[in-house]
Amino acid sequence: MTSPPHTILKSRFLWQLYGAFGLMMLICIVMFGFVSSSQMEEDARLHIREGLNSQATMLQFIMKPYLVRNEVFDIHGVGHLGDDPDTRITLINPQGLVLADNREDPSHMNNHARRPEILAAMKAGMGASERYSETVGFNMLYLARRVEENDALLGYVRVALPLASVERQLQSLREKLILSACVITLVFLAIGFVISRAVTSPIIDMTRVASRIARGEFNLRVPSLRQDEIGLLAKALNDLAEGAERRIEQVTHSHDQISAVLSGLAEGVIAVDTDQRIIHINAAARDMLRLENRDMSGLPLWEVVRISEICQVVDHCMTELKGTSTTIRQGKTSLDFSVVLMKGNEKRGQNGAIIVLEDVTDMLHLQQIRTDFVANASHELKTPIAAIRGFVETIIDDPAMDSETRQRFLDRIRSQSARLDNIVQDLLALSRFDNDSRPRSLSSVDLVSLVSQVCSTRQSDAQDAGVTLTTDLPEQRLEIDGEYGALDQMISNLVENAIKYSDPATGRVEVRMFQQDDLVLIQVEDNGIGIPAEEQQRIFERFYRVDRARSRDLGGTGLGLSIVKHVALAHKGAVEVQSSPQEGTVFTVRLPLHRPA
Ligand code: ADP
């Protein structure tokens with residue numbers, strides 16, 4: 001992954017590096033320029049002086065005869081005096097009188113004995129000075145040499161160059177130096193940019209990749225072809241990303257596993273951190289607390305769970321650092337609710353809490369049903385047993401009892417034991433179809449013939465009770481998959497009840513059957529006492545009777561309709577009732593028809 005040029009040009013590091021490089025280069029070039037220009041200037045001055053010196057040395061010999069004569073003369077007639085037209089030549093006698101000058105008329109010139117170069121030459125043989133010339137009116141570089149013969153001073157030869165000419169030569173040198181410095185600067189700046197870019201570019205690439213890795217793109221890698229420290233850094237970065245990617249994968253994998261386990265749990269699980277902010281909430285907990293299906297991570301518990309009881313208990317547990325469990329009621333729902341504190345490591349201390357919720361509504365309901373059932377069954381059984389015991393004890397205690405009374409007691413004992421038998425039979429039948437149990441011996445049962453058979457069996461009972469029992473059954477067979485005995489008992493119970501709860505003489509019971517789509521409907525209608533609306537749902541409960549005394553007098557156990565309901569459910573059907581007091585009742589059983597394979 002290479003950075004585009006505009007990104008590189010925006011890099012501060014590039015410009016810092018390049019700036020430092022440029023500055024260093026500038027300092028070097030300026031220092032080098034300064035030192036070399038000073039040296040060159042010195043060399044040039046030395047060279048000019050040497051030139052003047054050799055010219056003066058040459059003139060020493062040429063001018064010797066003129067100095068010996070010690071007369072003013074015109075120097076222009078002397079012949080070749082030098083190459084440089086700017087050079088001024090002056091001949092001075094030992095007293096300072098100017099004998100000749102190639103620029104001025106010697107008669108107009110002052111005594112030169114006190115000129116610094118003449119004084120120096122007088123002492124050392126040669127003297128030089130840079131100063132303003134009053135004669136010619138500008139700065140000059142003077143060089144004078146003593147001229148002697150046989151240790152006798154003949155005078156001085158002085159050559160001079162205007163400093164402007166020296167400056168011109170130096171200026172040209174400086175210009176060349178500056179030009180080469182500029183060219184070197186440009187070349188070095190270009191080289192410096194290329195080097196800075198070469199150093200910066202991989203760092204920019206690595207920075208970009210590193211920040212993208214930090215944002216979660218762990219699959220990215222930096223090219224690490226170089227063998228130097230930058231290459232090693234890239235490799236280290238790649239190792240880091242690979243390690244992070246592997247660890248994130250592991251963490252994600254274990255997180256997914258935990259989520260899968262938690263979402264598969266029937267119990268609701270909510271994990272919160274120390275600030276009671278949600279870390280995880282599983283589907284079961286959402287269902288139990290009727291929460292929306294959206295991400296709730298990070299939200300405070302009290303904002304999500306509106307049940308103040310839960311929030312208070314969690315709060316208390318986290319303050320007291322102690323788990324607890326309790327049961328709460330939410331409308332018709334009962335929730336078992338426990339809080340377990342999560343133990344963090346030593347460094348981080350406590351790590352939050354886990355709330356486990358279990359919907360125990362059905363369990364509590366079943367428990368209640370069981371308790372009620374045991375109480376009701378004991379009560380129902382207790383009554384005939386107590387009666388039988390009473391009659392038996394009376395007969396035993398009274399051996400002299402007359403035979404008529406004894407016979408009456410024995411009849412009562414028989415009827416009570418028949419009642420006991422009915423109860424036990426019904427309980428046995430009920431236990432077979434309780435809860436999820438299904439019919440065991442399934443076969444194809446023709447309901448038309450079954451109902452018709454039950455009705456003809458019950459015809460005599462109906463006649464005894466003064467009730468008219470009629471049927472309205474279809475011609476064709478209507479078959480279902482079921483257990484013949486159970487279905488027989490279901491229809492018998494309904495017909496029996498219809499006869500029992502109808503008025504003698506005026507009572508009419510009709511049993512109808514018809515097909516409706518995939519269902520067969522069996523209706524048992526009577527014009528009997530009817531059932532009040534508020535009792536209609538409860539009559540299917542075990543031992544529930546609208547009029548307990550009347551039912552008992554009629555030999556009822558209170559289990560008949562409960563058996564009807566369970567048999568219908570066991571055959572994937574249902575039963576319902578429509579009734580008006582004093583007008584009559586219709587029970588409708590719906591059963592799914594047999595589907596040929
Ligand atoms: P029981 O043995 O008392 O008849 P069931 O479970 O069969 O028990 O019926 C429960 C109660 O429903 C009865 O006690 C009675 O009050 C009421 N009941 C059932 N069938 C009828 C009906 N056809 N007409 C009026 N009331 C009925």
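1. The open sheet of 5 strands has the order 7-6-10-9-8, and its pairing is antiparallel; here strands (E, at least two residues) and helices (H or I, at least four residues) are DSSP runs, numbered from the N terminus, and two strands pair if DSSP finds at least two bridges between them. Strand 7 (278-281) and strand 8 (324-330) stand at the edges with a single partner strand each, so one side of each is left without a neighbour in the sheet. On average, neighbouring strands of this sheet are turned by 20 degrees against each other, direction ignored; the axes behind such angles are lines fitted to C-alpha atoms, and angles run from 0 to 180 degrees between N-to-C directions.

2. Please keep in mind how the model was treated: it is a predicted model, in which local features need pLDDT of at least 70 and side-chain atom pairs count only at pLDDT 80 or more, while totals for chains, interfaces and linings use all residues. Residues are numbered from 1 along each chain as its sequence is written, and side-chain values use heavy atoms, with hydrogens and water left out.

3. Within that sheet, strand 6 (residues 268-272) is joined to strand 10 (residues 353-359) by 5 bridges, and the two run antiparallel. Ile270 has Ile355 as its bridge partner in strand 10, and Ile270 also stands opposite Ile281 in strand 7; strand 6 and strand 7 themselves pair in the antiparallel sense over 3 bridges. Strand 10 also pairs with strand 9 (residues 333-341), in the antiparallel sense and over 7 bridges, and there the bridge partner of Val340 in strand 10 is Ile354.

4. Another open sheet is formed by 5 strands in the order 12-14-15-17-16, and in this case the pairing is mixed. Strand 12 (468-472) and strand 16 (574-580) stand at its edges, each with a single partner strand, so one side of each has no neighbour in the sheet. From one strand to the next the twist averages 15 degrees. Strand 15 (residues 519-526) pairs with strand 17 (residues 584-592) in the antiparallel sense over 8 bridges, and Val520 has Leu591 as its bridge partner in strand 17.

5. Strand 1 (residues 88-92) and strand 2 (residues 98-101) pair in the antiparallel sense over 3 bridges, with Leu91 standing opposite Ala100 in strand 2. The two strands form a hairpin with 5 residues between them, and Gly96 in the turn has a positive phi of about 100 degrees.

6. A search of the whole structure finds 1 cavity of 30 Å³ or more, where a cavity is a set of points, on a 1 Å grid over the protein atoms alone, at which a 1.4 Å probe fits but cannot get out, and lining residues have an atom within 4 Å of a point. The largest cavity holds about 40 Å³ of space, a volume being the space filled by probe spheres set on the points. Its lining consists of Ser37, Met40, Glu41, Leu170, Leu173, Arg174 and Leu177, and the elements giving two or more residues to this lining are helix 2 (12-69) and helix 4 (163-214).

7. Side chains of opposite charge can pair when their charged atoms come close. Counting a side-chain nitrogen of Lys or Arg within 4 Å of a carboxyl oxygen of Asp or Glu as a salt bridge, the total comes to 22 salt bridges. Arg246 forms a salt bridge with Glu242, their closest N and O atoms being 3.8 Å apart; both residues lie in helix 5 (residues 229-264), 4 residues apart, about one turn of the helix.

How values were computed:
1 Å grid on protein atoms, 1.4 Å probe; cavity = no way out; pocket = protein on both sides within 12 Å on 5 of 7 lines; lining within 4 Å.
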